[in-house]
Amino acid sequence: MTQESLESWTDEGDGLPETCLSFELRGEWGHFRRVEGNIVKQTYRIIPRTTVAGLVAAMLGLDRDSYYEAFSQNVSAVAVEPIDELRAINMPMNTLSTAKEHMTTMPSRGHTRISMPDPSELRQQHNYEVLVEPAYRIDLQLANDDLRGRLQDRLRDGTSYYPPSLGLSEHLAEVTYLGEFEVTPHERETTNVDSAVLEAVDSVELTPKTEVKVERSPAFMAADEGGRTTTAFQSIAYATGAEPLRVHDVKTHEVDGRRVMFS
């Protein structure tokens with residue numbers, strides 16, 4: 001799929017559809033690396049919006065850095081609901097550098113050559129913060145009929161062009177299609193929100209029984225000469241036990257009998 005055809009998708013349609021595609025993501029492990037540097041490679045607890053876009057692009061076989069316009073703010077919307085307790089452990093891993101100067105190019109049959117880390121180099125040990133059995137429900141609106149239809153076919157058939165993963169390629173994801181549901185908007189009110197709470201951190205009602213945490217993760221990206229750059233972040237509040245949060249004076253949407261917040 002070319003960049004030209006992806007950009008043409010953003011010009012089609014009259015805004016977001018009145019329905020969304022819903023699917024569940026599960027895995028034994030997950031790691032969504034936080035952008036701030038640290039000796040321990042920390043993870044976001046809520047799968048970032050940009051990672052959802054990348055996972056969908058991988059399922060459809062879209063080229064790297066070619067799909068950002070198709071998932072931009074005016075032509076897509078994503079809600080993420082944690083459906084199991086969010087917990088993490090520190091896991092030491094031995095790795096080889098994939099920096100260009102540390103790669104070895106090896107000949108193979110024909111004209112194809114393969115670049116791979118030099119196995120003679122010393123391994124580097126890094127501590128990764130890894131999510132244990134993460135599980136999320138994703139509600140996704142896409143303005144383009146063709147893109148939405150192709151994704152729905154993939155979800156229904158249980159197929160994927162590239163293996164879906166929860167951050168790192170070795171953390172494979174199980175994808176379960178839940179269906180297509182109507183999206184009903186609600187005006188500002190105080191209500192229980194099932195999904196992660198977006199850009200309304202100060203409006204969450206705190207209680208002694210519910211542990212609430214906040215993180216700020218990438219929301220949108222754009223292609224540039226170096227590959228890609230993050231163009232916007234979003235603040236997210238969530239309950240570590242995956243229970244709904246009561247939020248004051250917020251706009252929500254109803255999907256499948258649930259209240260969610262789209263971004």
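Arg-137 and Asp-256 form a salt bridge, with their closest N and O atoms 3.1 Å apart; a salt bridge is a side-chain nitrogen of Lys or Arg within 4 Å of a carboxyl oxygen of Asp or Glu. The pair links distant parts of the chain, 119 residues apart: Arg-137 lies in strand E9 and Asp-256 in the loop between E15 and E16. The structure is a predicted model, in which local features need pLDDT of at least 70 and side-chain atom pairs count only at pLDDT 80 or more, while totals for chains, interfaces and linings use all residues. Residues are numbered from 1 along each chain as its sequence is written, and side-chain values use heavy atoms, with hydrogens and water left out. Helices (H or I, at least four residues) and strands (E, at least two) are DSSP runs, numbered from the N terminus.

**Salt bridges**

- Arg-137 is buried, with a relative accessible area of 8%, whereas Asp-256 is partly exposed at 40%; buried means under 20% relative accessible area, exposed over 50%, and partly exposed in between (1.4 Å probe, protein chains only).
- Arg-258 forms a salt bridge with Glu-81, and the closest N and O atoms are 2.7 Å apart.
- This pair also links distant parts of the chain, with Arg-258 in strand E16 (residues 258-260) and Glu-81 in strand E4, 177 residues apart.
- Arg-258 is buried, with a relative accessible area of 10%, and Glu-81 is buried as well, with a value of 12%.
- A network of salt bridges links Glu-81, Arg-137, Asp-139, Asp-256 and Arg-258.
- The side chains of Arg-26 and Asp-84 meet in a salt bridge (2.8 Å, N to O).
- Arg-26 belongs to strand E1 and Asp-84 to the loop between E4 and E5, so that the pair links distant parts of the chain, 58 residues apart.
- Arg-26 is partly exposed at 32% relative accessible area, and Asp-84 is partly exposed at 29%.
- The count of salt bridges comes to 12.

- Strand E9 (residues 135-142) is mostly covered, as 8 of its 8 residues are buried.
- In a regular strand the side chains alternate between the two faces of the sheet.
- Ala-135, Arg-137, Asp-139 and Gln-141 point one way from E9, while Tyr-136, Ile-138, Leu-140 and Leu-142 point the other way, and all are buried.
- Strand E1 (residues 19-26) runs antiparallel to E9 and is joined to E9 by 6 bridges; two strands pair if DSSP finds at least two bridges between them.
- Ser-22 has Asp-139 in E9 as its bridge partner.
- E4 and E9 also run antiparallel, joined by 7 bridges, and Val-78 stands opposite Leu-140 in E9.

**Nonpolar core**

- The largest nonpolar core has 47 residues, of which Tyr-136, Ile-138, Leu-151 and Val-197 touch the most other members; such a core is a set of buried Ala, Val, Leu, Ile, Met, Phe, Trp, Tyr and Cys residues joined through side-chain atoms within 4.5 Å.
- The elements that each supply at least two residues of this core include E1, E4, E9 and helix H3 (145-157).
- H2 gives the most to this core, with 7 residues.

**Pockets**

- The largest pocket has a volume of about 1300 Å³; on a 1 Å grid over the protein atoms alone, a pocket is an open set of points where a 1.4 Å probe fits, with protein on both sides within 12 Å along at least five of seven lines, and lining residues have an atom within 4 Å of a point.
- A volume is the space filled by probe spheres set on the grid points, which are joined across faces, edges and corners.
- Of the 41 residues that line the largest pocket, Arg-64, Gly-167, Leu-168, Ser-169 and Arg-228 are the closest to its centre.
- H2 provides the largest share of this lining, 6 residues.
- The lining of the largest pocket has 19 nonpolar, 14 polar and 8 charged residues, where Ala, Val, Leu, Ile, Met, Phe, Trp, Tyr, Cys and Pro count as nonpolar, Asp, Glu, Lys and Arg as charged, and the others, Gly among them, as polar.
- The second largest pocket has a volume of about 400 Å³.
- Among the 20 residues that line the second largest pocket, Gln-73, Leu-198, Glu-199, Phe-262 and Ser-263 are the closest to its centre.
- The lining of the second largest pocket divides into 11 nonpolar, 6 polar and 3 charged residues.
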